[in-house]
Amino acid sequence: MSFVALPWFVLVTSGSAARTGIVAFAEMLPYVLVCAFGGPLLDRLGHRRVSVLGDLGSAVAVAAIPSCTTALG
């Protein structure tokens, strides 16, 4: 659902197609990277370590949302 909801929210609130595209790109980039590098990382680092690193990365991304919204303001 977020694939549709977040870009649509940006479009409705800002009216900017460029910002909508940036949000859609930022939303899809992690999935593309995980598909490309997920298997080799699991083989080299192990399931538990990759899971912990993924959770930490998610926490950093969520914590960055307020700073990104004030910067785009």
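In the predicted model, Val-10 lies in helix α1, which covers residues 2–14. Val-10 has a relative accessible area of 16% and is therefore classed as buried, the limit being under 20%. When neighbours within four places in sequence are left aside, the contacts of Val-10 are Gly-15, Arg-19, Thr-20 and Val-23. Of these contacts, Val-23 is 13 residues from Val-10 in sequence, and the C-alpha atoms of the two residues are 7.6 Å apart.

The protein contains three helices and zero strands, in the order α-α-α along the sequence. Its C-alpha atoms fill a box of roughly 45 × 20 × 20 Å along the principal axes. The radius of gyration is 15 Å, whereas a compact globule of 73 residues would have a value near 11 Å. Buried residues account for 7% of the 73 residues. The accessible surface amounts to about 5900 Å², and carbon and sulfur atoms contribute 75% of this area.

A nonpolar patch is present on the surface, formed by Phe-25, Leu-29, Leu-33, Phe-37, Leu-41, Leu-45, Val-52, Leu-53 and Leu-56, with about 820 Å² of accessible area together. Two or more residues of the patch come from each of α2 (17–45) and α3 (47–72). Helix α2 provides the largest share, with six residues. Among the patch residues is Phe-25, which is located in helix α2. Phe-25 has a relative accessible area of 56% and is classed as exposed because this value is over 50%.

How values were computed: Residues numbered from 1 in each chain as written. Predicted model: local features only at pLDDT ≥ 70, side-chain atom pairs only at ≥ 80, totals over all residues. Heavy atoms only, no water. Patch = residues over 30% accessible without salt bridge, like charges linked within 9 Å, V, L, I, M, F, W, Y side chains within 5 Å. Areas by Shrake-Rupley, 256 points an atom, 1.4 Å probe, with all protein chains shown as cover. Salt bridge = Lys/Arg side-chain N within 4 Å of Asp/Glu carboxyl O. Helix = DSSP H or I, 4+ residues; strand = E, 2+ residues; numbered from the N terminus. Buried < 20%, exposed > 50% of the residue type's maximum accessible area, 1.4 Å probe, protein only. Contact = heavy atoms within 4.5 Å. Rg over C-alpha atoms; globule rule 2.2 N^0.38 Å.
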